[in-house]
Protein chains: 4
Amino acid sequence: MSRKALKLVTIGGGSSYTPELIEGFIKRKDQLPIKEIWLVDIPEGEEKLNIVGAMAKRMVKAAGLDWEIHLTLNRREALKDADFVSTQFRVGLMQARIKDERIPGSYGMLGQETNGAGGIFKAFRTVPVILDIVKDMKELCPNAWLINFTNPSGMITEAIVTYGKWKKVIGLCNVPVNAMISEPELIGKNLDELIYKFAGIDHFHWHKVFDNQGNEVTMDIINKMLGDGDAGLPKNIFDVPFYREQLEQMKMIPCGYHRYYYREEEMLKHSLDEFNNQGTRAQQVMQIEKELFELYKDPNLDYKPKQLAERGGAHYSDAACESIASIFADKRTHMVVSTVNNGSVPDLPTDHVVEVSAQLGATGAIPMAFGNFQPAERGWIQLMKNMELVIVQAAATGDYGLALQAFTMNPLIRSGNTAKRILDEMLIAHKNYLPQFADKIAELEKQGVTVKDEVAAHIDETMHVGVTE
Amino acid sequence: MSRKALKLVTIGGGSSYTPELIEGFIKRKDQLPIKEIWLVDIPEGEEKLNIVGAMAKRMVKAAGLDWEIHLTLNRREALKDADFVSTQFRVGLMQARIKDERIPGSYGMLGQETNGAGGIFKAFRTVPVILDIVKDMKELCPNAWLINFTNPSGMITEAIVTYGKWKKVIGLCNVPVNAMISEPELIGKNLDELIYKFAGIDHFHWHKVFDNQGNEVTMDIINKMLGDGDAGLPKNIFDVPFYREQLEQMKMIPCGYHRYYYREEEMLKHSLDEFNNQGTRAQQVMQIEKELFELYKDPNLDYKPKQLAERGGAHYSDAACESIASIFADKRTHMVVSTVNNGSVPDLPTDHVVEVSAQLGATGAIPMAFGNFQPAERGWIQLMKNMELVIVQAAATGDYGLALQAFTMNPLIRSGNTAKRILDEMLIAHKNYLPQFADKIAELEKQGVTVKDEVAAHIDETMHVGVTE
Amino acid sequence: MSRKALKLVTIGGGSSYTPELIEGFIKRKDQLPIKEIWLVDIPEGEEKLNIVGAMAKRMVKAAGLDWEIHLTLNRREALKDADFVSTQFRVGLMQARIKDERIPGSYGMLGQETNGAGGIFKAFRTVPVILDIVKDMKELCPNAWLINFTNPSGMITEAIVTYGKWKKVIGLCNVPVNAMISEPELIGKNLDELIYKFAGIDHFHWHKVFDNQGNEVTMDIINKMLGDGDAGLPKNIFDVPFYREQLEQMKMIPCGYHRYYYREEEMLKHSLDEFNNQGTRAQQVMQIEKELFELYKDPNLDYKPKQLAERGGAHYSDAACESIASIFADKRTHMVVSTVNNGSVPDLPTDHVVEVSAQLGATGAIPMAFGNFQPAERGWIQLMKNMELVIVQAAATGDYGLALQAFTMNPLIRSGNTAKRILDEMLIAHKNYLPQFADKIAELEKQGVTVKDEVAAHIDETMHVGVTE
Amino acid sequence: MSRKALKLVTIGGGSSYTPELIEGFIKRKDQLPIKEIWLVDIPEGEEKLNIVGAMAKRMVKAAGLDWEIHLTLNRREALKDADFVSTQFRVGLMQARIKDERIPGSYGMLGQETNGAGGIFKAFRTVPVILDIVKDMKELCPNAWLINFTNPSGMITEAIVTYGKWKKVIGLCNVPVNAMISEPELIGKNLDELIYKFAGIDHFHWHKVFDNQGNEVTMDIINKMLGDGDAGLPKNIFDVPFYREQLEQMKMIPCGYHRYYYREEEMLKHSLDEFNNQGTRAQQVMQIEKELFELYKDPNLDYKPKQLAERGGAHYSDAACESIASIFADKRTHMVVSTVNNGSVPDLPTDHVVEVSAQLGATGAIPMAFGNFQPAERGWIQLMKNMELVIVQAAATGDYGLALQAFTMNPLIRSGNTAKRILDEMLIAHKNYLPQFADKIAELEKQGVTVKDEVAAHIDETMHVGVTE
């Protein structure tokens, strides 16, 4: 990275999270000699981009900085000579997420953003777009770093590395960040008094914690979590406790998303309750978003409003800023990121992406070796990582057989006729964003597969909210 | 193995399958210089042992052979200086299997002999007994081969190798045998015109088939299977077809038990239908058994009655005879057996048990190297093998946390409160056969956990049928 | 393989070994419906091709067979629609081997056909030619099997698989064949009473032996070998015994070539004695060859003369015939061949070539899983296989740095100035056969590197013997 | 580690390096609340212990500190309740090293402290002692950290982990330290501007270097090294340059000891020159030591004299102090240490010791994942690590066959009669320190094996210098 003034680009810049990102940059103004920040979005997101962009300008100005904020719908113009590109877009907007949640839900299965059928389709929609961005970057900014926090973050990073053949990438997630914020408090410590060791894949990892005298405090945290309610759970995860006997055998702290796998029954019930009553998470989020954008319109608002923290993705943008600063300033920070394994999780293939404690500095992420898992966690992680590989391959190739294999492997999808019906219906529902599956979709349409009216109704209802994120 | 006259021992000798075993030995009389066959059973099985033992004697006599048939309840006497010990017992008798099926079924989950919660508990009950047998063998017949076809065969073989530290063992299963009987017919071939390559673990393996000109015929068989109904499915597996698109991507033939995982919805529905209507498989089997023993009582019957083939375990005993003959006569036969991996399935640990095509001869099984799986099958097999390791460790140690981990990993058990309830209730239900879990069971009893009346009723109903197998 | 009449092609058909090959086909006339045998050679080998070709015709006629024997210098004509292609050529003729032996020897280092610097250069010369043959085969006979017994056989097979991307290949070596001929005699057994388990790479493997009652007899053979002189050593390996204490720890039988590594001092001394006195092995062989071709000219000779057995390569051709018959007739023979590992030697990469006990049938070689080595053998084999990969990559790319890395890794080359001098001198000496290194060779010539007069003199001396093999 | 006042113990406290150690503690007085430092030695080292101990007291006093310096021959008294135990002893004193150098040298082979036959015997002598220390520590200070810088450091650490079953250990070496001192200068940088990535095993590792903008500068350093003479070579390694072509292919910087393997010819010649002329390294070192101890006797000397830097082991003791401070104060320093692999070097076994870039903090060393090597380095490191495992196993068990295997594997020993003779002679020569080989030694003595007079003479000559280190 040259010491020149920096050009930062954010794809999906009209997102409601952008103020957190701007705040993150402002906090690190002494570490980052920023010249330009480019917020990029698509035409459907232009209105939001303008609202949030204006607010970003007010924030920068209030901080007394001379950074240029560019708002654009022209991605290639933005990418030209960029130093860091961060991605936070949502292909198909929030409407697509509603479908990801409501189609499985309508069949009594889990509808969730990054897990189950919804997570698979989120990957299917996003992989073609990210590969397109990588293609542009190879041409326009071949030395830039790509900071991905578009979900499903681990799979997108895998696609960037394996199919995009792009090495300078960091995949981010706020789940470890949240854990490292809330857990120290539970045991009366500061984060810098603790040593965290994470290993696994995005949204499916475990960690161990030690104090600064080398004593393991994992069980102390677990005891507090089980006693006092959960720690650091993102807003989008329902709080059902893990089984004590299981954690005592495991001797590690699972991530919040493990609930979907370790307490499948309760999480499914909760998801279906939301489906049938207050609306799925996406529907709730759209309401929050609507309110946020109302706030952002206020020409006097020049700081991140506290309501933003109610979104499940809080701290994501701050992690992005920290990773940019760590790379640029060679800070050698401990962060938990998606990066090429290189042996750090020896139960998984060396050349594929894992999410792991790493030291982040000028050469990117250097993962810290975790060692082998015990059989239970090894079995889980090998299933989940291989499922990711199947999903990403299906997403990159449009192979329906692979898509069906992924649905069959997924522990949150009960395989069989209903699963296959959900797969087919989702292909139809998302067809505008699935060019790789065009032939199969045409075949399904010829067979008369359609999306249930129930789902279509929910989408219509929310169609007026054009949230970009 | 010295060329001396052979002493063969069968533990669980009162089983209804024993006539198949005797028939198998008679077929191989020229390869096996048998002197004595010892049929061993427990007091509860004495009546059956006497019936089936008398029939065995008639069969041997009808074949013009001078083999001694010994019936005994004294296992140690039988094991003394044995050459081959085969095991076909069922800890807890058929009543235990009914509980394995009806307790999960009563909660709407799959009740099955070797899969789901039932399979886990079958391992829990059997592992302590097999380790006890191994302990006796080390003392009484340290050079004998142990031919295990007690289910869950792969896990029992794993326990023998890993916790029993006994190397001379072959684990058998009739699933590959059935496939190799029925599939050649489907494509108009004889078995000896085909080359089979199996790899995986017991009840969870795949295979490829080639003709004797080296052409792969896997897809030809698949096409016939999908067109004409399934091939070689054991009687205890409901026939729902695999998805063509999935198999075309896989390019391998799954085993019959994959249905439970690839068509979970339909298999569960079928299981619950049986549960609610004609009775679970164990209940059906008890009826078949009852009829078989009536037949066996006939003092004129001196051959294996054809009705025996209706049991799901047909060909198991013949495979046992063939493996004994292959080892004794160094026949170097191709058989699919559970044995130490040694690299043949490189996606699984080298030192643990897999089920794989092997050459069976004087040194036991030499597995044939299969090479790596594609990601979908790799993920599945790594999950399943690690789950086996967790189950076997739980069975060997009585660790409740591990038992809960196994329940959580199992794809056929929906994790959460109901799963944990099933686990607890099954511990209570099988408590007489689970000495390793005694402390936990006492704790559960103190907490008032009991077996549902519904299940208890079903057991009572069948209590008068004291089937040993 | 279709049942049609077979077209067999042998590249390097003018070799003195061809009569063994013809004899081998004649022995298997009932298994192989041969129509045509094509013997291919290069112009320099035409005279020998005619001599040996005429003899081949006499042999076939004497056997009362109507096979067509074609002699040709047109490789592509021969390859057209071939069923089996065997390769037994020697790039650069015997003169090149003399250089391989005398250049290192002139610097006091080992000069040997397949080990040390000579083996590396034999690979450098041969890899481009074999890749060219594979290229032709893809076009002219894409369904043929390639049976390679051109040395260094393991590395050539590796090149065919890794750089040629050709899967239907079997690499052969007579070293295991010789062991399996001579060892059984040592302990008064027939081969079919023993079970052999080989693992390693070509010219660097170990084996264990068991009798047909499953008892290991490895140490019995070792004891006989150490007491009675070595068993089955090819004619080209000097007989110095292994250390008893080493073999007792190893509990395996090394191959004859291990002498170069386990008794480096004595083997080097012997090699230098030959260099200084009777002439290196190649020079001795040329004398034998000369005599053989004189014999072959006899128009009455219509069988393989016993003198051929004095060559180190005896049984190679017979192994080739047996492998062709095993594949064609799906014989499922136990053979020790170079083939893709697939996990059979789990200490080596799954996707690269090993030499291992395999079952040879219609689908080619199915390797038998050997399991992990102990650390000493694991260290050796990992060094040697990785050195092979470096050599083959250097041979395929012409990278001088890799060539130097290979020289440095090779345990039989003392690294440093002399080694580098040998490398450079051999590049010059073999320049006509090293197109891939053309740039480096030009650079060396510009620097004035030349071949020592001593070596040149020895080549001149033997220049009149135009042996093709 | 509790915050209490620290008790530090150094075994081999009479070493001439002790002043560097004391200086290192003094430099870190603010990080380490030291109460007591115990210097332990054996009776033969008592005189030196008193000299260097007195000097240590002067140094502490001059620094104005109230630390207690205890001198003792009672190891168990010292270990009682220790917090950190460092080891820097030399079993058999410097006389043993002279034998390690002169016996191989007398046969024309390399005599070197940690490589070749000498390194193997150093391990043979040291392993029993370190395992005895570990046994004491389990009893007397089970929570202490063991900081080993007794050579061969990697193998001793392996023995501690594998045979001692002791986890809290860090193995140190000054080779990486020296590289990180000298290389930055070469390219005009400070160490903190560079990112180092080391991987391999002790005395056999490679590294890559990057600047703080993420650009790789490995080749810049190599270019300077090849142009300007070597960087950071310890005093005990003769300076012969690596081949440029080899390094350009490797794209990594080898460690200084690689010279013995990459330039074997020149290093052997240099070693034999020393052997024949000025005396081997140990003999030179004894002279330096003698002078050092004369200096230390000066009652006015209260600081580390600059002459100490002439020893090859400079910076070792400072690294020990830094590692103690990093663990105690959870500094999370980057250090290159011998520690359990855990996947960081995926080409080596997960559970054995490697030397690798690690973050050193309260939980000890967390290795940074390096990823796979290219084939050339992979082959070397797999050979060398497995050789280490063989040596350590031989040292722990006294198995002569394993010792012979180790000699045979070692690239710096030409296998054969001479090698075996050296092995036998060294067993005799070191018999007082090789209790594990007692039976074999007795057998060799019965056979009349003796140490050459030449070597004995050299030992006698130096016998009056009772150096402890």
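Trainee: Is Cys173(A) buried or exposed?

Mentor: In this predicted model, Cys173(A) has 30 other C-beta atoms within 10 Å, and because 20 or more is the threshold for calling a residue buried, Cys173(A) counts as buried.

Trainee: And where along chain A does Cys173(A) sit?

Mentor: Cys173(A) lies in the loop that runs between strand 6 (169-171) and helix 7 (174-186) of chain A.

Trainee: Which residues does Cys173(A) touch, not counting those up to four places away in sequence?

Mentor: With those set aside, Cys173(A) touches Ser153(A), Asp202(A), His203(A) and Glu355(A).

Trainee: Which residues does UniProt list for "binding site"?

Mentor: The UniProt record, which is an unreviewed entry, lists Cys173(A) and His203(A) under "binding site". They span 31 residues in sequence, yet their C-alpha atoms are not more than 8.0 Å apart, so they gather at one spot.

Trainee: What about His203(A), then: buried or exposed?

Mentor: His203(A) is buried, with 24 other C-beta atoms within 10 Å, and its place is in the loop between strand 7 (194-201) and strand 8 (204-211) of chain A. Leaving aside neighbours within four places in sequence, His203(A) is in contact with Thr114(A), Gly154(A), Cys173(A), Val175(A), Cys255(A) and Tyr257(A).

Trainee: Changing topic to the assembly: how many residues does the contact take from chain A and from chain B?

Mentor: The contact takes 37 residues from chain A and 37 residues from chain B. On the side of chain A that touches chain B, the elements giving two or more residues are helix 9 (244-250), helix 10 (259-262), helix 11 (264-276), helix 14 (375-397), helix 15 (400-409) and helix 16 (417-429) of chain A.

Trainee: Which helix gives the most to that side of chain A?

Mentor: Helix 14 of chain A gives the most to the side that touches chain B, with eleven residues. By class, that side of chain A divides into 15 nonpolar, twelve polar and ten charged residues.

Trainee: How many residues of chain A are in contact with chain D?

Mentor: There, 25 residues of chain A are in contact with 25 residues of chain D, and strand 11 (353-361) and strand 12 (364-367) of chain A each supply at least two residues to the side of chain A that touches chain D. That side of chain A has eleven nonpolar, 13 polar and one charged residues.

Trainee: How far apart are the closest C-alpha atoms of chain A and chain C?

Mentor: They lie 13 Å apart, and no contact joins chain A and chain C. Chain B and chain D do not touch either, their nearest C-alpha atoms being 13 Å apart.

Trainee: One last thing, inside chain C: at what angle do helix 16 and helix 17 of chain C pack?

Mentor: Helix 16 (residues 417-429) and helix 17 (residues 438-446) of chain C pack at an angle of about 105°, with their axes 10 Å apart, which makes helix 16 of chain C roughly perpendicular to helix 17 of chain C. Helix 16 of chain C makes the contact through Asp424(C), Leu427(C) and Ile428(C), and helix 17 of chain C through Lys440(C), Ile441(C), Leu444(C) and Glu445(C). The residues of this contact between helix 16 and helix 17 of chain C are four nonpolar, no polar and three charged.

Technical notes. Residues numbered from 1 in each chain as written. Chains lettered and ligands numbered in written order. Predicted model: local features only at pLDDT ≥ 70, side-chain atom pairs only at ≥ 80, totals over all residues. Contact = placed C-beta atoms within 7 Å. Helix = DSSP H or I, 4+ residues; strand = E, 2+ residues; numbered from the N terminus. Nonpolar A, V, L, I, M, F, W, Y, C, P; charged D, E, K, R; others polar. UniProt positions renumbered as here; feature names shortened; annotations may be inferred. Buried ≥ 20, exposed ≤ 12 C-beta atoms within 10 Å, placed from the backbone. Axes fitted to C-alpha atoms, helices over the stretch in contact; angles between N-to-C directions. Parallel < 35°, antiparallel > 145°, perpendicular 65-115°, else oblique.
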